[in-house]
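Hi everyone, thanks for making time this morning. Let me put the structure up, and then we'll walk through it together.

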Amino acid sequence: MSDWDYLHDMRAEGYDEEAISEAAATGVTPWHYSHIEENELRQDIDFLKRSLSVHDKKHRKLT
């Protein structure tokens, strides 16, 4: 399988030209987005948990 076969697969699966062009430009296919979005959400959740933990510790010191 060549580096560009996924673009032909996308066409065969019915993706529109815009999605295929975006995949060609970025190298990321639509079926990889869910994995990327999941990782970004996990990072956001971890960041929020750390922020809340720091805020909670500061609040406890004040009371």
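Starting at the N terminus, the elements of the protein run α-α-α. That comes to three helices and zero strands, where helices (H or I, at least four residues) and strands (E, at least two) are DSSP runs numbered from the N terminus.

A quick word on the source: this is a predicted model, where local features need pLDDT of at least 70 and side-chain atom pairs count only at pLDDT 80 or more, while totals for chains, interfaces and linings use all residues. Residues are numbered from 1 along each chain as its sequence is written, and side-chain values use heavy atoms, leaving out hydrogens and water.

So how much of the protein is buried? Of the 63 residues, 11% are buried, meaning under 20% relative accessible area with a 1.4 Å probe, protein chains only; exposed is over 50%, and partly exposed is in between.

Now, which residues make up the largest nonpolar core? There are five: Tyr-6, Leu-7, Met-10, Ile-20 and Ala-23. A nonpolar core here is a set of buried Ala, Val, Leu, Ile, Met, Phe, Trp, Tyr and Cys residues joined through side-chain atoms within 4.5 Å. Two elements, α1 (5-12) and α2 (17-26), each give two or more residues to this core, and α1 supplies the largest share, three residues.

Let's zoom in on Ile-20. Setting aside neighbours within four places in sequence, Ile-20 is in contact (heavy atoms within 4.5 Å) with Leu-7, Met-10, Arg-11 and Tyr-15. Thanks, everyone!
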